Amino acid sequence: MRAVGIILAGGNNRKMKDLSKKRAVGAMPMAGSYRAIDFALSNMTNSHIQKVAVLTQYNAWSLNEHLSSSKWWDFGRKQGGLYVFTPSITSDNGFWYRGTADAMAQNIAFLKKSHEPYVIIASADAVYKMDFNKVLEKHVETGADLTIVCKNLGEGADVSSYGVVTADSNGRVMDFVEKPVDSDNTLVSTGIYVIRRRLLIQLLEQCITEEKYDFVNDIIVRNKTSKKICVYEMETYWSNIASVEGYFKTNMDFLKQEVREFFFKQYPDVYSKVEDLPPAKYNPGSNVSNSLVSSGCIINGVVENSVVFKQAYIGNNCVIKNAIILNDVYIGDNAVVENCIVESHSTINPGDHVGDENEVKIINQRNFRYSL
């Protein structure tokens with residue numbers, strides 16, 4: 001592959017509420033056994049990109065731990081590999097990353113030492129499968145300075161959280177509006193970009209000289225008329241998890257057969273760090289339907305239309321409906337959990353009824369298991 005990869009995984013997303021208080025969005029558990037960043041990393045390695053930098057910052061501990069071994073995504077190699085960059089104080093700089101452009105600028109040495117002519121930039125908060133080779137081919141074919149991978153969300157979609165793109169019949173970007181209050185246009189940026197490496201270095205150096213730090217506003221929007229920016233429209237599944245509702249919906253999408261087959265049965269695969277856990281155990285009295293149950297779980301009750309992550313315990317006569325149960329959750333006997341996300345390491349006491357039919361709630365209850 002003639003490109004290096006950069007995955008932006010350092011932002012603090014307040015729309016995730018309590019879910020992002022102790023972890024980066026890129027470290028959010030997904031689809032039972034994965035983390036959000038696994039999809040971007042898998043796309044990179046499946047596209048034969050051999051050198052990838054992950055830029056982390058906010059609540060990076062669990063994300064850095066997840067990335068501690070690069071072998072899971074086949075980046076354990078002599079040439080190239082997986083690089084994890086966190087903010088560091090130097091004689092020239094004492095700032096944390098002040099924006100996406102600043103994050104890349106503070107690690108510009110990575111770009112300058114690379115020899116590949118192109119750069120693939122992606123975010124860590126989206127679930128999708130993509131061959132970046134096809135995007136690069138289109139980028140070279142059109143002679144674009146920058147290519148933005150876009151997705152049409154369909155009529156009636158809420159685009160207020162996205163960058164909305166307007167393109168002409170040739171696919172050239174005519175306008176780019178970041179997070180509009182109201183728009184009839186549903187073509188949005190997925191946060192995936194292709195750009196020539198030397199041009200990116202030039203634009204980043206210009207931004208820092210002028211004390212501008214955001215890649216979208218200070219590079220894309222600012223240069224939308226002076227540079228040739230083109231669109232590559234994605235036709236397959238793509239979902240952003242940058243809000244509680246988006247995270248809940250994306251996990252629930254994996255209960256659909258066509259989504260599961262697309263990610264888990266169609267080549268190429270999605271990879272993740274593997275933990276040595278026993279298979280899930282279903283005791284007498286358990287009843288599981290249309291759900292994902294991960295390794296290490298013990299199920300004694302009823303689980304319907306739910307995603308249960310690793311090492312969860314579901315007690316006797318429990319009822320779990322339309323819920324996401326994160327890692328190492330203990331749910332006591334006779335409890336009812338409905339339409340909510342139960343945070344990792346939480347304890348639901350016997351007989352409790354948690355959740356709300358009207359909105360998705362985050363349940364974060366610590367109890368006797370962690371009293372020391």
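A cavity is a set of points, on a 1 Å grid over the protein atoms alone, where a 1.4 Å probe fits but cannot get out. Points are joined across faces, edges and corners, and a volume is the space filled by probe spheres set on the points. The model is predicted: local features need pLDDT of at least 70, side-chain atom pairs count only at pLDDT 80 or more, and totals for chains, interfaces and linings use all residues. Numbering starts from 1 along each chain as its sequence is written, and side-chain values use heavy atoms, with hydrogens and water left out.

**View 1. The largest cavity.** Its volume is about 50 Å³. The count of cavities of 30 Å³ or more is 3. Lining residues, those with an atom within 4 Å of a point, include Asp145, Leu146, Ile195, Asn223 and Lys227 for the largest cavity. By class, this lining holds 6 nonpolar, 1 polar and 2 charged residues. Nonpolar covers Ala, Val, Leu, Ile, Met, Phe, Trp, Tyr, Cys and Pro; charged covers Asp, Glu, Lys and Arg; the others, Gly among them, are polar.

**View 2. The largest pocket.** A pocket is an open set of points with protein on both sides within 12 Å along at least five of seven lines. The largest pocket has a volume of about 1,600 Å³. It is lined by 50 residues, and Asn13, Asp125, Ser161, Asn240 and Ala242 are the closest to its centre. The lining divides into 18 nonpolar, 21 polar and 11 charged residues.

**View 3. The second largest pocket.** This pocket holds about 650 Å³ of space. Its lining has 23 residues, with Arg35, Glu65, Glu275, Asn327 and His345 nearest the centre. Helices (H or I, at least four residues) and strands (E, at least two) are DSSP runs, numbered from the N terminus. The most come from α2, with 4 residues. The lining comprises 6 nonpolar, 9 polar and 8 charged residues.

View 4. In α1 (residues 37-46), 10 of 10 residues are buried (under 20% relative accessible area with a 1.4 Å probe, protein chains only; exposed is over 50%, partly exposed in between). A nonpolar core joins buried Ala, Val, Leu, Ile, Met, Phe, Trp, Tyr and Cys residues through side-chain atoms within 4.5 Å. The largest has 37 residues; Ile7, Ile37, Leu41, Met44, Tyr128 and Met130 touch the most other members. The helix α1 gives the most to this core, with 4 residues. Met44 touches residues including Ile7, Val52, Phe75 and Phe132, not counting residues up to four places away in sequence (contact: heavy atoms within 4.5 Å). Just after α1, His48 has a positive phi of about 65 degrees.

View 5. Strands β9 (residues 163-167) and β10 (residues 173-178) run antiparallel, joined by 5 bridges. Two strands pair if DSSP finds at least two bridges between them. Val165 has Phe176 as its bridge partner in β10. The hairpin has 5 residues between its strands, and Gly171 in the turn takes a positive phi of about 85 degrees.

View 6. The 5 strands run in the order β14-β17-β20-β23-β26, with parallel pairing. Edge strands β14 (281-282) and β26 (347-348) each have a single partner strand, so one side of each is left without a neighbour in the sheet. Lys281 has Ile298 as its bridge partner in β17. Pro284 lies in the loop between β14 and β15 (287-289). Pro284 is exposed, at 78% relative accessible area.
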